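Hello,

Here is the structure for you to look over. My notes follow below it.

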Amino acid sequence: MKVLIIEDSNEMACSVRDFLVRESYICEIASNFSEAEEKLFRFQYDCILLDIMLPDGNGLNLLKLIKTEQLQTNVLVISAKNGLDDKVTGLEEGADDYITKPFHLPELHARIRAIYRRKNLNGNNLVQFNEISLNTNTLGAVVNGRILDVTRKEFDLLLYFIVNKDRVLSRQSIAAHLWGDYTDDLANFDFVYQHVKNLRKKIGAARGTDYICTVYGIGYKFNTSAT
Amino acid sequence: MKLINKFTLWYLCIALTCTVFSTVITFYSIKSKMDNAAIDRLLTINQIAADKIRSGILWDSSVLGRKVQVQLLNTPMPDKKTTVSKSESSYPGSQKKEYRITVSSFLPINNKNYKITSFGYVIQSEHLLTGIEMTIIWKWILILSLIAISARLVSKIILSPFKETLKAIELFNIRHKKKLQLPATNTREFKELNSFVQAMTDKAVDEYVSLKEFTENASHELQTPVAVMKMKLELLAESAITDEQALIITEVQESLEKLSRINSSLVLLTRLENHEYSTHEPLHFCKLINETLDFYKELLEMKSLSLTKKITSGVYVSLNPMLGQLLLNNLISNAIRHNTGAGRIDVELTHEALIIKNTGAEPNVPTSELFQRFKKGNQSSKSIGIGLAIVKQICDIHQFDIRYTYSNRMHTIRIGFKEINTNFLVSPTSIINSESTVLMPVEPSL
């Protein structure tokens, strides 16, 4: 997948790139409006990460440009403005999703994949990993051909793990993914622990491999090399 | 009382005082003038009579048609050559009392002393008064009617710049960031007022703009470095690290999380205070509350909390949808977080109010103080203590009445809604639109 990161903070753009490169994405960085404009006209991208506040222009204008030029791409808006209304404006202007700074990298990745699934793999809503298969439309999880009785949160959690497989997922990142960051410190990690525990139990009951392992002090990891 | 009425009253008081004094002065001056004129005339008559006596002309008892009394004095001449006496007497043969002036002159004629006396009638004081009275009444009718008419007309003209200023102030909204336009005037007081108001509002607008800029900049400038730190830590966590380092990374991450949450909450509070979310549309509140409770279902189960719902259907509240979501999230997550093990939560929604009750430890500060920023019922809790301040602010800008009480081991938050005008609900499409913009706290990444 080819990704264009439009972001004025170089450290931030590099962090995102370093993270996504490991997923064998091809990443390019544009640090200002004109550079982004030029890249958009010259190359094609599967996904654009767009920071709304740019030193030489408003990111929303780039969004309008993408719309009027009918560029075939997905746009994920990144904003430091935690204005709830900006979120709506961004989505109304044709963005596919919206994420607020500061965010967790696995969360960003999950969002990119979600948009990609929704827009590019028409009708194919299956996320498959070995014996586990998830249908993102029906929210059904199947392990070894057996339907797994998972709650909505457990489904989200499993999908998050598979999308970010072999990544260390911190408890904060999981909590933010499951409950959002709207609430004042609800991210009580006991809940994360409970969810992970239940999920592992259910996969185990379906004779699936226990891919999820604990990373001491930090959180969890979906270990693809587990047996 | 209207300013013009106050002025009018003052002028009337002054006019009244002047009238009283001037009436007294007029009365006495006219009266003394008349008396003096009569006395002068009588003196002249006495003199004429004396001249006649002196020249030896036979005289009768009347001079110029007036009766004159002449008396030969045996006593020496008194010091005063003339005496004037005023008395009330009646005409001969008339019952009516008249005011009579009698003037006696003592004159030496041909070495003999004579007393020559004559009298005349003058107009009575009461009659004089009646005449003046009529003048006063007419004068007052004229003054009153002229003041009443002119005051209204003139005040309209004179006070018009003032009224325009008032209107401009009334229509002034700092959020429009537009400077106040005041009418030009040549009245000094209004000029002063206008320049004062102008300076004040200009300053307010400038401050507001800079505050807004600061808010936005602060939010943006702080979130980016925090985001970078978080990402770098995540990248670091994936490298080969020791257990000790892992713990340190987690601690730093938790602090960063708190920092960014405090920052974004404060920015949100500022924006609420600036009334930036003023789109009040009818919000399908009962639906929203059911969705929110569903969202927290699993958390409730994990904490083994029992939930009792009493939700009236068809409740619409005039509320910004995003703020409504925020309000419910904060209240319900609070009720979950500050609950005891195996406790309960009661949620009741009626057309008038939303009541959320939950079991929990007794707060060690008065419940009303819990609405303040960074006030926590339990200082050891991990929360930053800003959720209720946001709830309070949302209630304030929507003019909801919020109360927090603690009794019988139950925390109760009651939000009384402002009455919603059902006319709002004429267009069903507007309701659908408002629902479609509701953002759930977690957008499933599917």
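Which residues in α5(B) are buried? They are B:Ile249, B:Thr250, B:Gln253, B:Glu257, B:Ser260, B:Arg261, B:Ser264, B:Val267, B:Leu268, B:Arg271 and B:Leu272. Buried means that 20 or more other C-beta atoms lie within 10 Å of the residue's own; exposed means 12 or fewer, and partly exposed is in between, with C-beta atoms placed from the backbone. In an α-helix there are 3.6 residues a turn, so residues three or four places apart point the same way.

This is a predicted model: local features need pLDDT of at least 70, side-chain atom pairs count only at pLDDT 80 or more, and totals for chains, interfaces and linings use all residues. Residues are numbered from 1 along each chain as its sequence is written, while chains are lettered from A and ligands numbered from 1 in the order in which they are written.

More on the helix. α5 of chain B covers residues 243-273, 31 residues in total. From first C-alpha to last it reaches 45 Å, close to the 45 Å expected at 1.5 Å a residue (1.5 Å times one less than the number of residues). Helices (H or I, at least four residues) and strands (E, at least two) are DSSP runs, numbered from the N terminus. Just after α5(B), B:His275 has a positive phi of about 55°.

Next, chain A. Strand β3(A), residues 47-51, has five of its five residues buried, so it is largely enclosed by the rest of the structure. A:Cys47, A:Leu49 and A:Asp51 lie on one side, A:Ile48 and A:Leu50 on the other. Pairing requires at least two DSSP bridges. A:Val3 has A:Cys47 as its bridge partner; A:Ile48 stands opposite A:Val75.

A:Asn135 is in strand β9(A), residues 132-135. A:Asn135 is partly exposed, with 16 other C-beta atoms within 10 Å. Beyond four places in sequence, A:Asn135 contacts A:Asn125, A:Leu126 and A:Gly140 (C-beta atoms, placed from the backbone, within 7 Å).

Finally, confidence. The complex has an ipTM of 0.84 and a pTM of 0.64. pLDDT is the predictor's confidence in each residue, from 0 to 100. Chain B has a mean of 81, and 89% of its residues reach 70 or more. Among its elements, β9(B) has the highest mean (93) and α10(B) the lowest (38). Over residues 423-446 of chain B, pLDDT stays under 50. Where pLDDT is low, the predicted coordinates should not be read in detail.

Best wishes

Conventions
Contact = placed C-beta atoms within 7 Å.
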